[in-house]
Amino acid sequence: MAQRLTLLTVVVFVLGLNIGQARSESSPVSRSVGPKMTATLEQLKDHLIGGELDTALAKAREVANAPNLTIYETYVIQTLIASVLVNLQRYGEAASALDTALATGQVPAKDIPNQLRSIAALHYNAGEYLKSIAVGERFFDAIGNQNDVQILVMIAQARFILKDYEATTARIQSAISVAVETGEAIDKRWVLLWIASEYQTGNAQGVAAALKEFAARFPDANYHLEWRLFPLLRDLPPVEL
């Protein structure tokens, strides 16, 4: 199930920031918001509850450009902007806002991979395939391996759309291998993508290997029907956020 941020998520986010995080003389500055930001978040909460997303976005961006924001306040407002933009289905802008939030250094280390996953998925769903690939590679750097099936499939799909068929083959084969090792279910479309990428490069042996894989994994499938339908599937599905 796609984990898209909803309006309720945005409201809860603002409420969570507003409660108990106003900066006082005794509270640590690095992870708190000042009185002006607290008041602004209250206003934004009202706009969000009222469904006034465009108004909330305009106000949040005005605040983001204000002078003298702390690093944490920048993180807070950019994360909020990203949340609103996701609800407006403006995924490319949302990805940029989340990346700005990440660049503040305020994202906990354990959450950085998931933040990068979200940024990559947003770029992909915005049709910004090169950016989604680049952030996917950053994700692999962050986790220290290349064993995430979802990101491997996303990169393979992006490479196929960009007509980089050799890279598609490499990534989708990796995704299938990792899925086998981890016991994850293999999607029929992954193997069809493998067949298609081998076909596009004229690699007859590769096509034969992929066909053999398809027949072994999906013996009850009507391959000829699947292959005829594949051009309809080339508008590959969105990546879950």
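Helices here are DSSP runs of at least four residues, numbered from the N terminus, and the views below are taken from a predicted model.

**Close-up 1. Packing of helix α2 against helix α4.** Helix α2, which spans residues 35-49, packs with helix α4, which spans residues 71-87, at an angle of about 10°, and their axes are 12 Å apart. Because angles under 35 degrees count as roughly parallel, α2 is described as roughly parallel to α4. On the α2 side the contact is made by M37, L41, L44 and L48, which meet E73, V76, I77, L80 and V84 in α4. Sorted by class, this contact of α2 with α4 has 8 nonpolar residues and 1 charged residue, with no polar ones.

**Close-up 2. The aromatic pair of Y72 and Y75 in helix α4.** The structure holds 5 aromatic pairs, and one of them is formed by Y72 and Y75, with 5.7 Å from centre to centre and 35° between the planes, an arrangement classed as tilted. Y72 and Y75 are 3 residues apart in helix α4, so about one helical turn separates them. Since buried means under 20% relative accessible area, Y72 counts as buried at 5%, and Y75 likewise counts as buried at 15%.

**Close-up 3. K188 over the ring of F218.** In this view K188 lies over the face of F218, at a distance of 5.9 Å from the ring centre.

How values were computed:
Residues numbered from 1 in each chain as written. Predicted model: local features only at pLDDT ≥ 70, side-chain atom pairs only at ≥ 80, totals over all residues. Heavy atoms only, no water. Axes fitted to C-alpha atoms, helices over the stretch in contact; angles between N-to-C directions. Helix = DSSP H or I, 4+ residues; strand = E, 2+ residues; numbered from the N terminus. Parallel < 35°, antiparallel > 145°, perpendicular 65-115°, else oblique. Contact = heavy atoms within 4.5 Å. Nonpolar A, V, L, I, M, F, W, Y, C, P; charged D, E, K, R; others polar. Phe/Tyr/Trp six-rings, centres within 6.5 Å; stacked < 30°, edge-to-face > 60°. Buried < 20%, exposed > 50% of the residue type's maximum accessible area, 1.4 Å probe, protein only. Lys NZ or Arg CZ within 6 Å of the ring centre and 35° of its normal.
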